[in-house]
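These are my notebook entries on one structure.

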Amino acid sequence: PPALKMHISKWAGQFSGYAQHDSQELLRFLLDGLQQSLMRPKRTPPWPYDDDAFEKRAVEEQSRRMWENYIARNDSCVTDIFCGQLR
């Protein structure tokens, strides 16, 4: 609908005009906006991968630490529903 497009265009210039955009771009934009608005307040932890041994750790340990870091920085109900980790 034109009214929805007008409101989205105010926040995201890439959706103004008549250029074709795919629905995935719009959905990502909307979910990102929701995630930023619904973040659970926390203090951002320091970057935990400064040690030289990180690359030498088991893949499972690297994966666990990376996921914990992601959740610590992006904790919201949107992340709970739409995010995950694949190998």
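This is a predicted model: local features need pLDDT of at least 70, side-chain atom pairs count only at pLDDT 80 or more; totals for chains, interfaces and linings use all residues.

The entries below follow the order in which I looked things up.

**Entry 1**

I took side-chain atom pairs into account only at pLDDT 80 or more.

**Entry 1. The largest pocket**

I first asked which residues line the largest pocket. I found Q24, L27, R28, L31, D32, Q35, V78, F82 and C83 in the lining. For the volume of this largest pocket I recorded about 230 Å³.

I then looked up which helices supply the lining. Helix α2, residues 23-37, and helix α4, residues 77-82, each contribute at least two residues to it. The largest share belongs to α2, with six residues. Sorted by class, the lining comprises five nonpolar, two polar and two charged residues.

I asked how many salt bridges the structure holds. The count is four.

One of them joins the side chains of R40 and D80, at 2.6 Å from N to O. I noted that this pair links distant parts of the chain, the two residues being 40 residues apart. R40 lies in the loop between α2 and α3 (59-73), whereas D80 lies in helix α4.

I also looked up the accessibility of both partners. R40 has a relative accessible area of 35% and is therefore partly exposed. For D80 the value is 46%, so D80 is partly exposed as well.

I next turned to R64, which forms salt bridges with E61 and with E68. For E61 and R64, the closest N and O atoms are 2.7 Å apart. For R64 and E68, I recorded 2.7 Å between the closest N and O atoms.

Where do E61 and R64 lie? Both are in helix α3, three residues apart, which I noted as about one turn of the helix. R64 and E68 are separated by about one helical turn because they are four residues apart in helix α3.

E61 counts as partly exposed because its relative accessibility is 25%. R64 is partly exposed, with a relative accessible area of 39%. E68, at 43% relative accessibility, counts as partly exposed too.

W67 and Y70 are three residues apart in helix α3, so about one helical turn separates them. W67 has a relative accessible area of 27% and is partly exposed. Y70 counts as partly exposed at 31% relative accessibility.

I then looked up what S76 touches. Not counting residues up to four places away in sequence, S76 touches Q35, L38, M39 and R40. Of these, Q35 is also one of the residues that line the largest pocket, and R40 is the partner of D80 in a salt bridge. I also recorded a separation of 8.1 Å, C-alpha to C-alpha, between S76 and Q36, which are 40 residues apart in sequence.

My last entry concerns two residues of helix α1. S9 is found in this helix, residues 2-11. S9 counts as buried because its relative accessibility is 17%. Leaving aside neighbours within four places in sequence, S9 is in contact with F15 and S16.

M6 also has its place in helix α1. M6 is partly exposed, with a relative accessible area of 46%. Between the C-alpha atoms of M6 and P45 I recorded a separation of 38 Å, the two residues being 39 residues apart along the chain.

Definitions and conventions
Residues are numbered from 1 along each chain as its sequence is written. Side-chain values use heavy atoms; hydrogens and water are left out. On a 1 Å grid over the protein atoms alone, a cavity is a set of points where a 1.4 Å probe fits but cannot get out, and a pocket is an open set with protein on both sides within 12 Å along at least five of seven lines; lining residues have an atom within 4 Å of a point. Grid points are joined across faces, edges and corners, and a volume is the space filled by probe spheres set on the points. Ala, Val, Leu, Ile, Met, Phe, Trp, Tyr, Cys and Pro count as nonpolar, Asp, Glu, Lys and Arg as charged, and the others, Gly among them, as polar. Buried means under 20% relative accessible area, exposed over 50%, partly exposed in between (1.4 Å probe, protein chains only). Contact means heavy atoms within 4.5 Å.
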